[in-house]
Amino acid sequence: MTEEKSLLERSFERVHRRRKRLQRFIFMLFRMAALVNGAALTVVVAFITINGWKAVTWEFLTQAPLESMTKGGILPCIVGTLCLGIGAIVVALPIGVASAIYLNEYASPGKLLRLIRLGISNLAGVPSVVFGLFGLAFFVIWLKMGVSIIAGVLTLASLTLPVIIGSTEEALKSVPNTYREASLALGATRWQTIYRVVLPAALPGILTGAILGLSRAAGETAPIMFTAAVFYTPNLPASPFDKIMALPYHVYVLATAGTNIEATRPLQYGTSLVLIVLVLGMNLAAIVWRARLRKKMK
Amino acid sequence: MTNIRSRTDKSVRIFFFSVALASIAILFMIMIFLFMEGIPIFKKISIYDFIFGKFWYPTSSPPDFGILPLIIASIAVTLVSAAISIPLGVMTAIYLAELAHRRIAELIKPVVELLAALPSVVIGFFGMVIVAPFLQETFGIPTGLNLFNAALMLSFMSVPTICSISEDAIYSVPVALKEGSLALGATHWETLIRVIIPASISGISTAVILGMSRAIGETMVVLMVAGGAAMIPESLFDPVRPMPASIAAEMAEAPFRGDHYYALFATGIVLFMFTMLFNVIADHVTHKYRQTGEASL
């Protein structure tokens, strides 16, 4: 055996090295792409936090806006956003869970099921401003609710419905079929099985979805612009037919139409910070909770 | 006894079925009310002049209701953002599904999810106060609030959509395909580009279409950073006024059930049709070219 490599062998190795080099280069690009996402999130959050944390004081969180919104706090906005978000979930959760139960537990594959699914995915794709138009035309004008919390809640509920359906379905799917079979084998009806066996097992997953839906509703601006939110109202909401202020709309108003846009920058950063802490906090909680659930399921 | 039970069971089933129709019902109501409030504008102006009219001066007298500049702005912003978000989203998806360690992937996925959860108004605000001045200085342009800025901000909103759906598609390619290719001596990269991506192309296409649908319908970002000029853009750095921005900005001032109000609802119809079209195409791609393992290659 000679140690010398043949010409063929050597050229093969060269080609192989080149192929490996190309791979290393391209894989580095992929890694960088993933990094860019992390960087984007970090930059936005860090930037809002650094500029906003000084503005967020106890007074800021507990006072109403003062002096045509150039001073004071954002209490009415926080309360308004919580009302809208929670209201939307209270409406959307039962409908969403029931829809998901039908889709996952009852429906058999076919044209009808396909149609319902197409409807849901289309609803999920409707632009948020179109939801705003719909809310304006239907809830505010046609049902004569006026610009009010209730109109905003119903508009946001229509928007979060697909989110709830999706996450509930995922939760129902993660319940092993053996659970259902065992219950049915004991003589339980389908509904008894769903109510006593499937739903309790899927409950944590459903609640995670509800939190995600809540955070989505709380962060939306366009759907509430024409249906619930106003520039300024000094009072906290007392009835579902009151107009309210909301965090996302407040950021928009201060940043684009305030009396003095430059002077209220700290307020804008502060409001944005409160909004992202609220929304990302809920998301983070849901993500962590879901990760723990998945581990348990395994 | 059994009879009652099975009867209850049947009525429960019917109950759930009717609730499941709620989504379709809402979708129909959206269409009905958009049309109800939008159609009256076509008594004043023909559909052709509305869609292909080059001038949008809704408040001058006589007003001009041509939304071509708005449509072109929407399409331009969406295409430019797609040019950024498609490579970024698909590459991140490949990284997550094929390259990353399980542990690292578990860390990066929540990052992408949180990116999707950022309220659009915050991204718009960021684009206004940071990206706009930066662009203005770097490129020496009159305003940083323009097509490019809006597209850039939008791309970060559609990346999560593109990434998560593509990742599912890539992840579900049968391992046998991959192993077959590697066994033949192909490198991992060659396997990716020749085997794994072709096998998951239908899922990736769906992801891209849904990502673009998200971008064209997104409102707050284009309202805050696109610049707001209702002109047909000639350069990447021209200010534009996409359809959602126009609706959101003008609805508050439009006199109730006046021509302007009707025209904005009609713009909503056009926007709705765009996203509907994207979604129906995505649905069609998913069902027609469903990933069926080896057979799809």
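Me: How many residues does the contact take from chain B and from chain A?
Reply: This is a predicted model, in which local features need pLDDT of at least 70 and side-chain atom pairs count only at pLDDT 80 or more, while totals for chains, interfaces and linings use all residues. Residues are numbered from 1 along each chain as its sequence is written, and chains are lettered from A and ligands numbered from 1 in the order in which they are written. With two residues in contact if their C-beta atoms, placed from the backbone, lie within 7 Å, the contact takes from chain B 68 residues and from chain A 68 residues.

Me: Which helix of chain B gives the most to the side that touches chain A?
Reply: Helices are DSSP runs (H or I, at least four residues), numbered from the N terminus. On the side of chain B that touches chain A, the helix that gives the most, with 11 residues, is H2 (residues 22–38).

Me: How many of the 17 residues of H10(B) are buried?
Reply: A residue is buried if 20 or more other C-beta atoms, placed from the backbone, lie within 10 Å of its own. H10(B) is largely enclosed by the rest of the structure, because the buried residues among its 17 number 14.

Me: What percentage of the residues of chain B count as buried?
Reply: Chain B has 13 helices and two strands, the latter being DSSP runs of E with at least two residues. Of its 297 residues, the share that counts as buried is 49%.

Conventions. Buried ≥ 20, exposed ≤ 12 C-beta atoms within 10 Å, placed from the backbone.
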